[in-house]
Amino acid sequence: MENTAQNKAYFHLPGLFEFYDLYSVFLPLYNEHPEYFYDWCEIASVYGAPADCIWGGGRAGFGECKAEDVLALMNKYSISSRLTFSNSLLKPEHLIDRKCNSLCELFSGSKGVQNGVIIYSELLLEHIKNNYPNLYFVSSTTKVQTNFDQFLKETERIDFKYVVPDFRMNKLYDKLDTLSQVQKDKVEFLCNECCSFSCKDRKACYENVSKKNLGEDCPEHICTAPDAKDGYRFSKAMKNPEFISIDDIINTYLPLGFSNFKIEGRGLGSAVNLEFLFYYLTKPEYQLTVREEIYLDSMLDLF
């Protein structure tokens, strides 16, 4: 799917493996009842990685669902699957990992919509390009590129179909509007980040996750933000100066020519992610209807 239609927002959702049960209930509603959902947006992809993937980054993977089941669900609804392989500390010896290569082989060989990889490592980028050429690439926000010129160069790279900038670039409207339309079509904004705008440890936080995914014995990264003990709260994210609301999308980003938006949420649990699906996708008058359909499904445990 080419996410370039004018006046259409394309959302990239979290929890490809973690929230399989949630999506297996939500996606049929989304498909069968379009009247419940905003007509100006569409689900373009779902991203994530299963547990124990050494190529994983950003967040530790928690999903235990079978990859074949995940792929079948996404293909059924023509939604792109993205493997989150954004580990920043990979070495040549890590490239032979059987589990990660098997996942690439499976998703690369799919006959459905094209699947992709969210990536940090240049080493891994070359490995996947050479061995699984059917996959597209997304430049990961874990690169923490806060320099606009650096970000601009990232959008010019032909390797990347999409580039997720650091969330602190979200509101640089004058600079963002200087991009060509080809570059704008690549940009994928992180909408609901809760991290402090002034955080200086974001890169170190991501590297700590990379170390853990590699099985290294390392201390826990301690966030120094004043309200870190509260964890992620959507209500707090909404007060972040870089938060992207649905009004922002409709009235600012779409008119400027931007169409791709990433929702973070891996590791937050299905209940919190359902709130994201309500806010960004579901018309207010139908949110209770969708909520009841999902909550009353006896096979789904959101808490």
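Mentor: Contact here means heavy atoms within 4.5 Å. Helices (H or I, at least four residues) and strands (E, at least two) are DSSP runs numbered from the N terminus. The model is predicted, so local features need pLDDT of at least 70 and side-chain atom pairs count only at pLDDT 80 or more, while totals for chains, interfaces and linings use all residues. Residues are numbered from 1 along each chain as its sequence is written, and side-chain values use heavy atoms, with hydrogens and water left out.

With that in place, Leu22, Val25, Phe26 and Leu29 of helix 1 touch Val290, Glu293 and Ile294 of helix 12. By class, this contact comprises six nonpolar residues, no polar ones and one charged residue (nonpolar: Ala, Val, Leu, Ile, Met, Phe, Trp, Tyr, Cys and Pro; charged: Asp, Glu, Lys and Arg; polar: the others, Gly among them).

Turning to charge pairs, the model has 10 salt bridges, each a side-chain nitrogen of Lys or Arg within 4 Å of a carboxyl oxygen of Asp or Glu. One of them joins glutamate 188 to arginine 82, at 2.9 Å from N to O. Because glutamate 188 belongs to strand 7 (residues 188-190) and arginine 82 to strand 3 (residues 80-85), this pair ties together parts 106 residues apart in sequence. Both partners are buried (under 20% relative accessible area; exposed is over 50%, partly exposed in between, with a 1.4 Å probe and protein chains only).

Glutamate 126 and lysine 129 also pair, at 3.4 Å from N to O. They stand three residues apart in helix 4 (residues 122-131), about one helical turn. Glutamate 126 is partly exposed at 35%, as is lysine 129 at 31%. Lysine 129 bridges aspartate 159 too, with closest N and O atoms 3.1 Å apart. Aspartate 159 sits in the loop between helix 5 (148-156) and strand 6 (162-163), so this pair ties helix 4 to a part 30 residues away in sequence. Aspartate 159 is partly exposed, at 22%. Through shared partners, Glu122, Glu126, Lys129, Arg157 and Asp159 form one salt-bridge network.
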